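Here is a short report for a reader meeting this structure for the first time. Please keep the sequence and the 3D view at hand while reading.

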Amino acid sequence: MAYSTVVARKPADPQAPLTYRDISTPLGEMRLVASPAGLRGAWFTDQALLPPPQDWTLTDCDPILEQARRELDAWFAGGRRAFDVALDPVGTPFQHEVWRALCALDFGTLTSYGELARAVNRPKGAQAVGGAVGRNPISIIIPCHRVIGADTSLTGFGGGLARKQALLAHEGNRYLSRSARARRVCDGQAELPW
């Protein structure tokens, strides 16, 4: 089943008031950020691209942040494969197109930058697609961790290769090392917790 969340086709309002909260996950603390329209960001708190919380309001009672927390908890526990929380990331039209394509990937499905470029009708745009994937502000929910090298190599991830390896393992894709050159293990792929 594809993610039911759809990235809005209109640009997010970069001036919208933002709320945030930090949550615990099995892979470390995450910061969730929301606008009135939806989830604006989800970063691990040690990520280099984590923006500072300037003009953001810290809260534990925002309904969007609470929904995102509950859904992430259920996803990590193995009880959820898709997310329903509304999304409101800020990005260019091209970035939104790539993020929508990522949201269309089923749980456990892997793709390469080239395949993703073809999916957004930019067959020669793998490098541009890689840039859009790298700017994804909503980790896990917009599943950029599902993008691997064409040769099944692990490739980069803003949250670090150890987390990417763990996220892929959670979805049934095994890598024996955290090296960017590691290749997917083809046998035993269906070792899911449910």
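**The chain as a whole**

This is a predicted model. The chain holds five helices and eight strands. Read from the N terminus, the order of elements is β-β-β-β-α-α-β-α-α-β-α-β-β. The chain has 194 residues, and buried residues make up 51% of them. Contacts also reach along the sequence. Among those between residues at least 6 apart in sequence, 59% join residues at least 24 apart.

**Helix α2 and its partner α4**

Start with helix α2, residues 93-103. This helix is mostly covered, with nine of its 11 residues buried. The buried ones are Phe-94, Gln-95, His-96, Val-98, Trp-99, Arg-100, Ala-101, Leu-102 and Cys-103. What covers them? The cover includes α3 (113-119), α4 and β6.

Take α4 next, residues 126-134. Helices α2 and α4 pack at an angle of about 80°, and their axes lie 9 Å apart. That angle makes α2 roughly perpendicular to α4, because angles of 65 to 115 degrees count as roughly perpendicular.

Which residues meet at this contact? From α2 come Phe-94, Gln-95, Val-98, Trp-99 and Leu-102. From α4 come Ala-128, Val-129, Ala-132 and Val-133. Eight of the contact residues are nonpolar, one is polar and none is charged.

Phe-94 is found in α2 and is buried, because its relative accessible area is 17%, under the 20% cut-off. Leaving out residues up to four places away in sequence, Phe-94 touches Val-120, Arg-122, Ala-128, Val-129 and Ala-132. Phe-94 and Ala-132 are 38 residues apart along the chain, yet their C-alpha atoms are separated by 7.6 Å.

Gln-95 also lies in α2. Is Gln-95 buried or exposed? Gln-95 is buried, with a relative accessible area of 16%. Beyond its neighbours within four places in sequence, Gln-95 is in contact with Ala-132 and Arg-135.

**The largest pocket**

The largest pocket holds about 460 Å³ of space. It is lined by 22 residues. Closest to its centre are Trp-43, Leu-49, Arg-135, Asn-136 and Pro-137. Which element gives the most to the lining? That is α4, with three residues. Strand β3 (38-44) and α4 each supply at least two residues. By type, the lining divides into 13 nonpolar, seven polar and two charged residues.

**Helix α5**

Helix α5 spans residues 161-170. Its buried residues are Arg-163, Lys-164, Gln-165, Leu-167, Leu-168 and His-170. They pack against β3, α1 (63-76), β6 (147-148) and β7 (174-175). Just after α5 comes Gly-172, with a positive phi of about 95°.

Asp-55 has a phi near 65°, a positive value in a residue other than glycine. Asp-55 sits in the loop between β3 and β4. Thr-155 is not a glycine either, and its phi is positive at about 55°. Thr-155 sits in the loop between β6 and α5. Are these residues buried or exposed? Asp-55 is exposed, whereas Thr-155 is buried.

**An exposed strand residue**

Leu-58 is found in strand β4, residues 56-58. Leu-58 counts as exposed because its relative accessibility is 58%, over the 50% cut-off. Apart from neighbours within four places in sequence, Leu-58 is in contact with Tyr-20 and Arg-21. Leu-58 and Arg-21 are 37 residues apart in sequence and 5.8 Å apart in space, C-alpha to C-alpha.

**Accessibility side by side**

The table gathers the single residues discussed above.

| Residue | Relative accessible area | State |
|---|---|---|
| Phe-94 | 17% | buried |
| Gln-95 | 16% | buried |
| Thr-155 | 13% | buried |
| Leu-58 | 58% | exposed |
| Asp-55 | 78% | exposed |

How values were computed:
Residues numbered from 1 in each chain as written. Predicted model: local features only at pLDDT ≥ 70, side-chain atom pairs only at ≥ 80, totals over all residues. Heavy atoms only, no water. Axes fitted to C-alpha atoms, helices over the stretch in contact; angles between N-to-C directions. Helix = DSSP H or I, 4+ residues; strand = E, 2+ residues; numbered from the N terminus. Parallel < 35°, antiparallel > 145°, perpendicular 65-115°, else oblique. Contact = heavy atoms within 4.5 Å. Nonpolar A, V, L, I, M, F, W, Y, C, P; charged D, E, K, R; others polar. 1 Å grid on protein atoms, 1.4 Å probe; cavity = no way out; pocket = protein on both sides within 12 Å on 5 of 7 lines; lining within 4 Å. Points joined across faces, edges and corners; volume = space filled by probe spheres on them. Buried < 20%, exposed > 50% of the residue type's maximum accessible area, 1.4 Å probe, protein only.
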